[in-house]
Every structure is written in structure tokens, then in C-alpha cells.
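Here are a few friendly notes to read alongside the model. Please keep the 3D view open and follow the points in order.

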Amino acid sequence: MKKQKHWFLGITFLLSFGLALYVAMSVFPNNPFSKKTENSSFNKIQDGDIIFQTSESKQCEAVRIATNSKFSHCGIIFFVNGGEFVLEAVQPVKITPLQEWIARGKDHKYVVKRLKNAEKILTDETLEKMKAYGKQLLGKEYDAYFEWTDTRIYCSELIWKIYKNGAGIELSKLKELKDFNLHDERVQKIVKERYGTDIPTEEKVVAPSDLVDSDLLKTVIDTY
């Protein structure tokens, strides 16, 4: 009888614990059980990593077509006060919590890239220089005209210039606007809205696709 009693108590405990765990995971979206899974990939991320995603606006669709790439937006990950944030050029240039940034992308998918020799190049001093340069650009308006100036900034330009001015590294060669596919009707529509008939075909440009394909970077996380 004692064995049966112990067996019954054991089964009752397991059932009660399982039910409590199920309720906790269902009712509390930020419970510690779900966080362990959610943050497993984030543990691989380092200060200065570059993150890419697919955005769904009309302009971003045009960017994907013009560059023949699924990536239309990117940002640079910086650790600030123990948190993980993305410095990005939207309207305006701002700092966004990493999870919030990922949630905005199509299907919440993203790719994280890192400088191949980051452990040697991205020292604490260099990272501080990069952050200091990026801080100067906070609040700048988004550059819908893709001009190579600091008056307004677009996403891939922001990252390229932070690495160039903060770490002395050119992540990719600059292209000209005419190097991209401007013949697609969807791209032409956006281009005409921005420039009319006076298209600056020789304007220096760097696209998210140029950065994601850089030989200087390696893939750290790919959720696609």
C-alpha cells in the first residue's frame, strides 16, 4: 500500500507541475522558460555586428528589385548599458531595441554578419570610436534620395560610414546609381517620384546587398 501511495503522490506531483508550467508559458509571454529559447541566438551576437532583414514597404521592394537581393534594410548592433540595440537609419536615425528591430522585418527573419577579424580589429577603443561617430548622426533625417552626404543618411550608408570613420575599414566598394537595375517598372515608379527626369545616375551608392556580400564579413546567424 505504501508503494502505491508513493506512486500516486509522484504522479500527482508531475501532473500538477506540468499543468503549472503550461499555464505559466501560456499566460505570461515574458516568462523565463520562453526567454531561454528566444535568447539562444542572441548569445552569439557581439558589439559591432551588422544585421540585415527584409522590409515590406514599397521603397524597400524597389531596393530588393534594383539590387537583386532579398535584403532591403540593415543596421549595426551596439551594446548600450548592458542592452542590445540596433543603430539604424530610418526616419530619423535612431537606436532601436534589437528584438523590436527584428519584429519589424518580414516573418521576423534576419541575418547577422561580423567582421572576419573582429576580435583583433574591433577593440574596445575602436568600438567607442564607431559609437561616437554613430552618435553624431542620431536624429539625422532619412535620405530617400540616396545622396552621398552627411546631411541625410540611409541605412547601408550609415553602416559603411561608421566602419570607415570609426574603424578605418571600407566594407565594400562604392557603386553608382546606374549600376543597379533601374529598368523594372516598380523601380522606375519610385525613381521618378524622387528625381523626376533628372536621375543622378553617377551618385555614389552602397546598398544592403553590397554589405551582406562583403568578403570582409562572415555569417554569424541566418534565420532565413
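1. Does Thr67 count as buried or exposed? Bear in mind that this is a predicted model. Thr67 has a relative accessibility of 15%, and buried means under 20%, so Thr67 counts as buried.

2. Now look at the surroundings of Thr67. This residue belongs to helix α3, which covers residues 58–67. The Thr67 side chain reaches the backbone oxygen of Val63 at 2.6 Å. Beyond its neighbours within four places in sequence, Thr67 is in contact with Phe180, Ala207 and Ser209.

3. Helix α3 also matters for the next topic, the largest pocket. With six residues, α3 gives the most to the lining of this pocket. Other elements that give two or more residues include β3 (83–89), α7 and α8 (185–195).

4. The largest pocket has a volume of about 500 Å³. Its lining has 33 residues, and Gln59, Cys60, Val63, Tyr142 and Phe146 lie nearest the centre. By type, the lining divides into 22 nonpolar, eight polar and three charged residues.

5. Next, find the largest nonpolar core. It has 45 residues, and Tyr163 and Leu171 touch the most other members. Helix α7 (residues 155–167) supplies the largest share of this core, six residues. In soluble globular proteins, nonpolar side chains tend to be buried together.

6. Not counting residues up to four places away in sequence, Leu171 touches Ile50, Leu115, Ile159, Trp160, Tyr163, Leu211, Ser214, Leu216 and Leu217. A second, separate core has 12 residues, among them Ile51, Leu98, Trp101 and Tyr110.

Conventions:
Residues are numbered from 1 along each chain as its sequence is written. This is a predicted model: local features need pLDDT of at least 70, side-chain atom pairs count only at pLDDT 80 or more; totals for chains, interfaces and linings use all residues. Side-chain values use heavy atoms; hydrogens and water are left out. A nonpolar core is a set of buried Ala, Val, Leu, Ile, Met, Phe, Trp, Tyr and Cys residues joined through side-chain atoms within 4.5 Å. Buried means under 20% relative accessible area, exposed over 50%, partly exposed in between (1.4 Å probe, protein chains only). Helices (H or I, at least four residues) and strands (E, at least two) are DSSP runs, numbered from the N terminus. Contact means heavy atoms within 4.5 Å. A polar contact is a pair of N or O atoms within 3.5 Å; within protein, one must be able to donate a hydrogen and the other to accept it, and residues adjacent in sequence count only if both atoms are side-chain atoms. On a 1 Å grid over the protein atoms alone, a cavity is a set of points where a 1.4 Å probe fits but cannot get out, and a pocket is an open set with protein on both sides within 12 Å along at least five of seven lines; lining residues have an atom within 4 Å of a point. Grid points are joined across faces, edges and corners, and a volume is the space filled by probe spheres set on the points. Ala, Val, Leu, Ile, Met, Phe, Trp, Tyr, Cys and Pro count as nonpolar, Asp, Glu, Lys and Arg as charged, and the others, Gly among them, as polar.
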